[in-house]
Amino acid sequence: MTDTIAHLDRSDLDDLLSHDAVNDPVTYYDNVRAVDPVYWNKRWNGWILTGYPEVVAAYRDHARLSSDRFAGPFGEDLSAASSQYQNLFGFLSKFFVWKDQPYHARVRSLVNKAFTPRSVEVIRPQVAELIQSLVKPMIGAGEVDFIAQFAFTLPVIVIAEYLGVPEDGRERMRRWAEDLGAVIFVSGHDEDRMAKGEAAMTELVEFLRPIVRDKRTNPRSDLLTGMVRAEERGDFLSEDEVIANAVLMVFAGHETTMNLLANSMVAFSRFPQEWQRLREDPSLAASATEEALRYDGPIRAMARWAKEPLEIGGHQIAQGDRMLLVQYAANHDPAGFADPEKFDITRSPNRQLTFGQGIHTCLGAPLARLEAQEAFKALTAEFARFDITETTLSYVPTVVSRSLRQLHITFHTS
Amino acid sequence: MSARVSHDRCVGIGMCALSCPGGFEFDDAGLSVFQPAGTWTSAELLEAADSCPTSAIDVFSNGGKLR
């Protein structure tokens, strides 16, 4: 290990979007962690946390580590862009994931009940049925575009129904989400990216506003109706806040689950015996999902900044310092997991960090889990094996997400 | 009535402390701990269990598990 590090150019470690960082994150983050689990990245101008205990501690320290992307050092970065792209930043700034307490908890508590394991369990039969309708056309179909036909379609339909948004807008929604994702997942400024993000946000808000207004006169048992009722009760949510958080859920509800499903297929292709195990014992779907989340989860990292000085991993973090909490790296830290490069669908314990920890832990986690569990059950039941037909796997260069550009697969029933 | 928070499942989201402010406090690791001597009602305790995003809270009464 020491020899390997000695040959590494330290400046390579500071490039979060280098070819290796994007395409071989396990090795890249292992190298960063070997230098220091709390590493100062000169180029990013902040701390990169890659150790399991350090990432856990940081995620749980919401009192000192802010998620507010529109204040502190991140706010300074955005101030010029936010005056130019007013819809984009006006609505992004209302995302409750990027708010601190007490505002965050108040908004989360409004939608929390809809996303508990108990609540999402109710839709399991419908999700299983939807999955069947997506699996059947892949039988004997030869090579399929797995993301377009399955990994994208499943979560976008589920979240649209859950929110109460017509799913006929889903192709447009995919483009909007891609354009917003380019802004949300990539740091730095690129005029084209910002202009596309502004256009996407404007269109998405125009799409959602009449739907939100309709919930007032035609209430249903969906999430948007719940948020509108909270607004009408005077629970501090303005119409724009309802829309902003609907945008957040449309986006968060499918982008990440899509990547989880696609990345899982890559994991199973490397460990085909695990596919067989699941095929023989579908009761392993829940633990297989946890392992898929750990082994190649859809989220690499989330950013924070220090509201006050603190010590972490033996380093003094100054007020105003940026931090990147890399759960993808923590999920591969031997300090957190025995034999981390083994994809073991029965791994126990498995305290994977893909959903984060603490107050900002992914709201949609129970829904994502349910979708993945049912997808794995249905796919392994139907198909004895599969081949990934990409010559090389290519990933979108982002700091935050682990996102394949495309994934073509041929499924075999025997 | 009594409750127990599983630290295998708790990840410190804190919804329990909103539903039942007198019943839960957070330890040094940021995980929730039930406060038997705190000020809480049975309804609040059940609401905390039902609101938990990781189903980490078990509620008991007279030895039987309610949640």
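**Entry 1**

I began with E4(A) and strand E10 (residues 408-412) of chain A, which pair in the antiparallel sense over three bridges. For pairing I need DSSP to find at least two bridges between two strands. Strands here are DSSP runs (E) of at least two residues and helices are DSSP runs (H or I) of at least four, numbered from the N terminus. Val144(A) stands opposite Ile409(A) in E10(A).

Before going on, I noted what I am looking at. This is a predicted model, where local features need pLDDT of at least 70, side-chain atom pairs count only at pLDDT 80 or more, and totals for chains, interfaces and linings use all residues. Residues are numbered from 1 along each chain as its sequence is written, and chains are lettered from A and ligands numbered from 1 in the order in which they are written.

Which sheet does this pair belong to? I found an open sheet of three strands in chain A, in the order E4-E10-E9, with antiparallel pairing. Its edge strands are E4 (143-145) and E9 (385-388) of chain A, each pairing on one side only. On average, neighbouring strands of this sheet are turned by 35 degrees against each other, direction ignored. Angles in this notebook run from 0 to 180 degrees between N-to-C directions, and axes are lines fitted to C-alpha atoms, for helices over the stretch in contact.

**Entry 1: the five-stranded sheet**

Next I looked up the other open sheet of chain A, with five strands in the order E1-E2-E8-E5-E3 and mixed pairing. E1 and strand E3 (65-66) of chain A stand at the edges with a single partner strand each, so one side of each has no neighbour in the sheet. Helix H6 (residues 72-84) of chain A packs on this sheet, touching E3, strand E5 (302-306) and E8 of chain A, and its direction makes about 110 degrees with that of E5(A). Contact means that the C-beta atoms of two residues, placed from the backbone, lie within 7 Å.

I then went through the pairs. Strand E1 (residues 38-41) and strand E2 (residues 46-49) of chain A are antiparallel, with four bridges. Val38(A) has Leu49(A) in E2(A) as its bridge partner. E1(A) and E2(A) make a hairpin with four residues between them, and Asn45(A) in the turn has a positive phi of about 65 degrees. On to E8: E2(A) and strand E8 (residues 322-325) of chain A run parallel and are joined by four bridges. In E8(A), Met323(A) is the bridge partner of Trp47(A), and Leu324(A) is that of Ile48(A).

How do H18(A) and H20(A) lie to each other? The axes of helix H18 (residues 285-296) and helix H20 (residues 365-382) of chain A come within 9 Å and cross at roughly 115 degrees. They are therefore roughly perpendicular; that label covers 65 to 115 degrees, with under 35 roughly parallel, over 145 roughly antiparallel and the rest oblique. The crossing of H18(A) and H20(A) is right-handed, which is the clockwise case: the near helix is turned clockwise from the far one by less than a right angle, while anticlockwise is left-handed. On the H18(A) side the contact includes Ala288(A) and Ala292(A), and on the H20(A) side Arg369(A) and Phe376(A) are among the residues. By class I get six nonpolar, two polar and two charged residues for this contact. Ala, Val, Leu, Ile, Met, Phe, Trp, Tyr, Cys and Pro go in as nonpolar, Asp, Glu, Lys and Arg as charged, and the others, Gly among them, as polar.

Helix H10 (residues 124-135) and helix H12 (residues 153-163) of chain A pack at about 145 degrees with their axes 10 Å apart. This crossing is right-handed. Val127(A), Leu130(A), Ile131(A) and Leu134(A) of H10(A) meet Thr153(A), Leu154(A), Ile157(A) and Val158(A) of H12(A). The class tally is seven nonpolar, one polar and no charged residues.

**Entry 2: the chains and where they touch**

Chain A has 20 helices and 10 strands, and its C-alpha trace spans about 60 × 55 × 40 Å along the principal axes. Chain B has two helices and five strands, running β-α-β-β-α-β-β from the N terminus on.

How many residues does the contact take from each chain? I get 13 residues from chain B and 15 residues from chain A. On the chain B side, helix H1 (15-19) and helix H2 (42-51) are the elements that give two or more residues. That side has seven nonpolar, five polar and one charged residues.
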